[in-house]
Amino acid sequence: MANASAFFTPSLPKFIHTLPPLNRFSAKVVCFGTIEGPSTASPSQSQIPRLVGKGCKLVGCGSAVPTLQISNDDLSKMVDTNDEWISVRTGIRRRRVLSGRDNLIALGVDASRKALEMAKVDPDDLDLILMCTSTPEDLFGSAPQIQKHLGCKANPLAYDITAACSGFVLGLISAACHIRGGGFRNVLVIGADALSRYVDWTDRGSCILFGDAAGAVLVQACDSEEDGLFGFDLHSDGSGQRHLNASIKEHESNTALDSNGSVLDFPPRKSSYSFIQMNGKEVFRFAVRCVPQSIESALEKAGLPASSIDWLLLHQANQRIIDAVAARLEVPSERVISNLANYGNTSAASIPLALDEAVRSGKVKAGQTIAAAGFGAGLTWGSAIIRWG
């Protein structure tokens, strides 16, 4: 199993000497170990040099959803809405919601086991677990609990990544960096969220959108010739936080703990997160403007044309956003992956959930190229050009 010392391997200087002279390229280095430059090669033939001798590939996927299903008709009994109003504006018909004994860790473990089984990797062979979530079961993170329930005896590192609906894409890039720069071999990337806990179920503008789920992908080290991450593009813009957030709010002070006046504003008031607040029109404008640009940038870094994309896989937020981005990139609808109708917006889980269904149904096949993009709160957004299998 890899450890932190692998980041400072003594063999690195020797490897650097084997690289071709950098003046052969009019390019700049990007953090995942490629040199950007023009290329017309297909994904399998791309000759973009790697600064690190290892590549990474996606070899297994899995997903899990809660048992409780809530339809648009169910919501119409709670708020002033109906199935047609919701489906026309969002593309959503139903969603899954945590209830009873369901919890996010159990969903993450279930999805992880399925991914490991597909990849034929034992939990003890995991080097790292990344839990991409904004709704952990514990304030201090849920990834170590995933590691515990998988039964990883070697105690691999496990930590959370918080980047809302962009989280899974960031997790993929983080996995690649650990593999290419740190000597890790098997990295489990989980996207899981339970936004239903932070939804105002009396607000028809937001309660219709969200559902709960988990998805997982096993990213594995490979020879650079087999590398399955061709390029990526990541961004954030904190000025857009006002359009989509679930901020901390303070409760009225508990009189039993009120200060006697000797210390101002102490002890701190009890606080919790507010319901999700969203300006839908602004989020829509942001997504249809920034996501196509991000995918085009990732393709340029990979040296690939848009025509090389076999599948477009976007965060499943709204069908209108998915359609607008596909139109901008000139990707026909038959090459767009969407399961939004059945699950709604599952935040960091949406991309691996949709990928898992597409792989297991036979739609996505080994060797095919996928342009994946996440976008959401932060604001954050990012894309990755990947090959499945």
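Student: Which residues does Asp233 touch, leaving out those up to four places away in sequence?
Tutor: Asp233 touches Ser294, Ser297, Ala298, Lys301, Trp381, Gly382 and Ser383. Contact here means heavy atoms within 4.5 Å.

Student: What should I know about the model itself?
Tutor: It is a predicted model, where local features need pLDDT of at least 70 and side-chain atom pairs count only at pLDDT 80 or more, while totals for chains, interfaces and linings use all residues. Residues are numbered from 1 along each chain as its sequence is written, and side-chain values use heavy atoms, with hydrogens and water left out.

Student: Back to Asp233, then. Where is it, and is it buried or exposed?
Tutor: Asp233 lies in strand S10, residues 229–236. Helices (H or I, at least four residues) and strands (E, at least two) are DSSP runs, numbered from the N terminus. Asp233 is buried, because its relative accessible area is 4%; buried means under 20% relative accessible area, exposed over 50%, and partly exposed in between (1.4 Å probe, protein chains only).

Student: Which side chain makes a polar contact with Asp233?
Tutor: That's Ser294, at 2.8 Å. A polar contact is a pair of N or O atoms within 3.5 Å; within protein, one must be able to donate a hydrogen and the other to accept it, and residues adjacent in sequence count only if both atoms are side-chain atoms.

Student: And how far is the C-alpha of Asp233 from that of Gly382?
Tutor: 5.3 Å, although Asp233 and Gly382 are 149 residues apart along the chain. Across the protein, 77% of the contacts between residues at least 6 apart in sequence join residues at least 24 apart.

Student: Switching to strand S8. Why is S8 described as largely enclosed?
Tutor: Because 9 of the 9 residues of S8 (residues 186–194) are buried. One side has Asn186, Leu188, Ile190, Ala192 and Ala194, the other has Val187, Val189, Gly191 and Asp193, and both faces are covered.

Student: What does S8 pair with?
Tutor: S8 pairs with S6 in the parallel sense over 5 bridges, and with S9 (residues 212–223) in the antiparallel sense over 9 bridges. Two strands pair if DSSP finds at least two bridges between them.

Student: OK, helices. How many residues of H10 are buried?
Tutor: 9 of the 11 residues of H10 (residues 350–360) are buried, so H10 is largely enclosed by the rest of the structure. Among them are Ile351, Leu353, Leu355 and Val359. Just after H10, Gly362 takes a positive phi of about 90°.

Student: How many helices and strands overall, and what share of residues is buried?
Tutor: There are 10 helices and 18 strands. Of the 389 residues, 51% count as buried.

Student: Last one: where is Leu139, and is it buried or exposed?
Tutor: Leu139 is in the loop between S6 (128–132) and helix H5 (143–150). Leu139 counts as exposed because its relative accessibility is 68%.
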